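Thanks for coming. Please have the sequence and the model open while I talk.

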Amino acid sequence: MRSGRSRQSKWMLFPRLLGRMILLVLFFCCGFLLYNLAQGQFWPFEGQGVMPYSVDKAKDGRDSAGGSGEEKEGGGDEEAWQLILVNKWNPMPEDYQVELTELSNGQSVDSRIYPSLQKMFDDARSQGIYPTVASGYRTARKQKELMDEKIGAYEAEGCTRAEATRKAKKWVAVPGTSEHQLGLGVDINADGVHSKGKEVYDWLERNGYRYGFIHRYPEDKTEVTGISNEPWHYRYVGEKAAKEIRRRGVCLEEYLEEDGDSAGEKK
Ligand SMILES: [Zn+2]
């Protein structure tokens, strides 16, 4: 009898404890949801892939709006770095980090664009066109050396320092504003043995976009890009953006601008 009673009282305690625990859990859940609602996100994990850094939500939005049907793993995260805008008005972030892959000729590029670059070169060669990367990634110091050289060359032609500097800036980006420092810009020339420059430039103009590369400084966009026509300078932006840029006949600045407050604000 006695053991029966004590067992009964234990069983009476259990539901009361359980009830308190459920209340506590509900309390935390409500708090969590309210907090996220206040932050403007209904579901707090939306859009967060496996990448540790913050998600570029704008890109996700454009993906669905564009409706190109091309889904790549990672979605918005994958694109953010591809569309970084660096020009004379938008210097690169000071803490920008690049992981490089060295090419056989000693030049290097951002490791993420290497497979596309290699594929482009392989395909070009299979069609009898022989390109080579004349200049890939550059350090800020290298960029400054190039600028100094260019200014020196104009001075040697009789320009004043100010004049020489102004002219040089049309061809060479001020350190901190060059896509070469991102590792995403490459100067592509002919190998000088099997192909001539123009053959390579023409092939790139026709085919570069298929591999995610755009002719970055076209003749008719110098006002917008701030750089003179450079048929050799190609910039990786990803296949989707490259196709769209070509279809619309715009340059990267205009492409980002047209996409309004989504990509345009991203640096
Ligand atoms: Zn270049």
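Ile151 is buried, at a relative accessible area of 5%. Buried here means under 20% relative accessible area, exposed means over 50%, and partly exposed is in between, with a 1.4 Å probe and protein chains only. This is a predicted model, in which local features need pLDDT of at least 70 and side-chain atom pairs count only at pLDDT 80 or more, while totals for chains, interfaces and linings use all residues. Residues are numbered from 1 along each chain as its sequence is written, and side-chain values use heavy atoms, with hydrogens and water left out.

Back to Ile151, which sits in helix 5. Helices are DSSP runs of H or I with at least four residues, strands are runs of E with at least two, and both are numbered from the N terminus. Which residues does Ile151 contact, leaving aside its neighbours within four places in sequence? They are Arg161, Ala164, Thr165 and Ala168, where contact means heavy atoms within 4.5 Å. Glu163 is 12 residues from Ile151 in sequence, and their C-alpha atoms are 8.8 Å apart in space.

Now the helix pair. Helix 5 covers residues 140–156 and helix 6 covers residues 161–168; they pack at about 125°, and their axes are 8 Å apart. The axes are lines fitted to C-alpha atoms, for helices over the stretch in contact, and the angles run from 0 to 180 degrees between N-to-C directions. Helix 5 and helix 6 are therefore oblique to each other. On this scale, under 35 degrees is roughly parallel, over 145 roughly antiparallel, 65 to 115 roughly perpendicular, and the rest oblique. The crossing of helix 5 past helix 6 is right-handed; that means the near helix is turned clockwise from the far one by less than a right angle, and left-handed means anticlockwise.

On the helix 5 side, the contact is made by Met147, Lys150, Ile151, Tyr154 and Glu155, and on the helix 6 side by Arg161, Ala164, Thr165, Lys167 and Ala168. By class, the contact residues are 5 nonpolar, 1 polar and 4 charged. Ala, Val, Leu, Ile, Met, Phe, Trp, Tyr, Cys and Pro count as nonpolar, Asp, Glu, Lys and Arg as charged, and the others, Gly among them, as polar.

Next, a loop residue. Gly212 lies between helix 7 (197–207) and strand 5 (213–215). Is Gly212 buried or exposed? Gly212 is buried, with a relative accessible area of 0%. Not counting residues up to four places away in sequence, Gly212 touches Arg235, Tyr236, Val237, Gly238, Glu239 and Ala242. Ser116 is 96 residues from Gly212 along the chain, with 7.3 Å between the C-alpha atoms.

Ser104 is also in a loop, the one between strand 1 (100–102) and strand 2 (108–110). Ser104 counts as exposed, at 87% relative accessibility.

Glu199, in helix 7, counts as partly exposed at 36% relative accessibility. Not counting residues up to four places away in sequence, Glu199 touches Ile129 and His194.

Last, the chain as a whole. The protein chain has 10 helices and 6 strands. Of its 267 residues, 37% count as buried. Among contacts with a separation of 6 or more, 65% come from residues 24 or more positions apart.
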